[in-house]
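Welcome, and thank you for joining this short tour. Please open the structure in your viewer and keep the selection tool at hand.

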Amino acid sequence: FPFPYAPYAIQERFMAALYGALEKGQVGIFESPTGTGKSLSLICGALSWLRDFEEKKKLEEARLLALEHDGQEEKKLLDSDESLRKGTLDEHRCPESKGSAGEPDWVTAFVQKKEERDKVDRLKEEQIRRKKREDHLEKIRHNVQLKYAAKRKRAEEEETKRLLQLSKEMLSEGGGAEVLEQLDHNEEELILDEYESDEEKKAVLGLEEDDDDMEEEHVTKIYYCSRTHSQLSQFVHEVQKSPFGKDTRLVSLGSRQNLCVNEDVRRLGALQLINDRCMEMQKHKQEKKSDGEEMEGKKRRVSRTVCPFYSYDQMQFLRDEVLVEVKDIEQLVALGKETKACPYYGSRYAIPAAQLVVLPYQMLLHEATRSAAGISLKDQVVIIDEAHNLIDTITCIYSAEVSGAQLCCAHSQLLQYMERYRKRLKAKNLMYIKQILYLLQQFVSVLGGNVNQNPNSQAISQTGTVLKSINDFLFQSQIDNINLFKVVQRYCEKSLISRKLFGFVERYGAPMVVKTNKEKEKLAGLQNFLLSLQQGSDKEGDLPAEAESDQLRSASPLMQIEGFLSALTNANQDGRVILNRQGTVGQSSLKFLLLNPAVHFAKVVKECRAVIIAGGTMQPVSDFREQLLCCAGVDPARIVEFSCGHVIPPENILPLILCSGPSNQQLEFTYQTRDLPQMMDETGRILCNVCNVVPGGIVCFFPSYEYERQVCARWEQTGLLARLAAKKKLFQEPKKANQVDQVLVEYAKCIKRCSQGGGQMTGALLFSVVGGKMSEGINFSDDLGRCVIMVGMPYPNIKAPELQEKMAWLDKTMPRAAGQAPSRVLIENLCMKAVNQSIGRAIRHQRDFASILLLDHRYARPAILNKLPQWIKERTQVKAAFGSAFAELRK
């Protein structure tokens, strides 16, 4: 394998195992601890396989084409044609001459020769296509700079013309009456177009047919997915540094939220709003084209905005640039701004010719998004990195929740929209709008409310949580006679009703836009209602910090509701509806919970040649094997597992299971015992001892924010917190995500200061929470994490209705494993996955070292111990007494 430096032995084993899995078309679960160069191993292993695979294809083509040119072979083919004409006579003469399938030899020979000729013809065609594509890309490499300069000049000229035209229009505009008339014209875009449900039109993007030499089926691809855009950017930088950086055709995909360069659209903030505005602008481009064909004398009805970045030539140019040089998302966006081309569509047009497609895994795992992006997985390779939360991710993608406030708000908005434009809407549109209004009314009714009243002032008499099957929920809501698939998939998506409704609210939600007293009266109800919703939320103090969620909740609730309606089209046995009735109708909610993520993952594994699920910590893997792969219909023989150790020497890590503390108090942090004062005090004594001997940084993980608060309050009361603060500066994980970086910077600065100062203070102690902001994706390398402490076992709350339903579903559908109920295995696995993620934060490279303390005697149970990562488990020591553990730690 080509590699930028001498690889570790475990990297060589990883690449060999990966190569084998891709070659055999397997589904692999690959585990390689962080700090062992996993990304580079994935790049070099997978791209080596792709290079060899393409080379073999070329050699096979060359062999068959050489045979075809062989004169002797030509003669044989002609002879076989001759034998066809003599077939009946030969068969009569030699009835005993039969092929293996009972056919005469001449028939078998003819069929074989015909197949070979067909294959040669296909290969010739493919070779011509490949040659065209290679020539095309080569031509781009030589001419891209010239094209770049020409495009930029043309774009500048067009921009100048546009600004001049705009200035003229503004100068020619008259007084207030003309402005009002213009607003009236603009209002046309809020009215729904005539809807024909039987017409199945493909989405027209306004682009010409792509070049023949860029057809996708002739390029074998690797789709690489990870969780966040920063992880994807990091991966692309690794590709750039690798031996494959110059020769690989790589394209980075992302959402419009990440790739849009039109500031007017970007400032909408919420993803759904950006998507809808973008689609509408494309539609306007189509209408503009057809408007241009109208007779000169006919006045154009409406002037609508089209996106200046959505140009075929500019995007083709951007596509070419992407294919000749590896770029990450930031570089792609910068290029889009510079060339006045849309990176979102430009990158998509690069997919067919690309060899490596890099994308967030929500984009690949969600079927509708995958299809919209033009991603075909047939016979391709998929690598899902950072896949430890894959099951949860699929569950979240296909689950949906709507609040009572959203339902009432959407009903009010849609009703006022219908009343205002009733005379302009066609019968089909009115019928579907009335159906949606009925659905919203019934959903609020199920929660125990009335859509015509303020949801925040409607108290609910019977509070609590109820779970229903999809069918039972539809019957209870009295909507089982409505075809939800038709309403959601066909009408909502094709009519863009949520976008129109958002435009309506955007236009009339603010007083400055409302033009006359009469209209003010009409819309006062809507404004007051929206205002009361906002004030109600403020009083409750539950407005989300993110402007995005705020915008979605108050301005565009119908978008959220469409997701919920779509979720209700799942099979009855694969999901549940949770009716959560709290205090008021506004606070109550309906949630769809997906129980069987395998149904959506099955399509990925069935279509792909090979699928690799990789991560730094994949233990315990039984979840992936049983809940995801076997349930998705993957043959167990096709599943392969690979796990490698760490590159650090054994003496660089000290994992200890502490069964008791300094005063011989047994450590057992169950829900019943963890609140006892003696348990909290014993934990404090352990930390004091550890702080005395461990230099640098210590990270202490608690099972929840509430327990952390409780323990710290106790320590403050007993004076223990002051004793800890004398040795280490104390830091606490913030609850808000935007404050995490600030805390980490201060934490790192403090440790650096203490290591240089040589005073009484030896470093810092960071209190964190399992599953919180610092248990994943944060590196506590070197002095930032010399010791990681896990307080208790972070079991999930088994009283949570969603978890109870999942447990019941598993017990009903899964076989018992090693005498344990599947629900029990699930609980243990959820706990240990969280532990493994947290304790893996400390060791980040070959020369790093750290100790890991697991405070609970239950970690010593074989079933639990076996769920630790192999490289940690084989070095773990179980300590019944604190004294011997402390001696090891000191050493």
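Before we set off, please keep in mind that this is a predicted model.

**Stop one: the sheet.** Begin by colouring the strands. Seven of them form an open sheet with parallel pairing, and reading across it you pass β3, β4, β2, β5, β10, β1 and β11 in that order. Now select residues 250-252 and then 639-643: these are β3 and β11, the edge strands, each of which pairs on one side only. If you look along the sheet, neighbouring strands are turned against each other by 15 degrees on average, with direction ignored.

**Stop two: β1 beside β11.** Select residues 27-31 to highlight β1, which runs parallel to β11 and is joined to it by five bridges. Which residue of β11 stands opposite Ile29? Zoom in there and you will find Glu641.

**Stop three: a helix across the strands.** Next, pick residues 229-241, which make up helix α7. This helix lies across β2 (222-226), β3 and β4 (356-360), and its direction is at about 160 degrees to that of β4.

**Stop four: the cysteines.** How many disulfides does the structure hold? The count is zero. Cys260 is buried, because its relative accessibility is 12%. Finally, move to Cys691, whose sulfur is 6.7 Å from the closest cysteine sulfur, in Cys688, and so too far for a bond. Cys691 also counts as buried, at 2% relative accessibility.

Notes
Residues numbered from 1 in each chain as written. Predicted model: local features only at pLDDT ≥ 70, side-chain atom pairs only at ≥ 80, totals over all residues. Heavy atoms only, no water. Pairing = 2+ DSSP bridges. Helix = DSSP H or I, 4+ residues; strand = E, 2+ residues; numbered from the N terminus. Axes fitted to C-alpha atoms, helices over the stretch in contact; angles between N-to-C directions. Contact = heavy atoms within 4.5 Å. Disulfide = S-S within 2.5 Å. Buried < 20%, exposed > 50% of the residue type's maximum accessible area, 1.4 Å probe, protein only.
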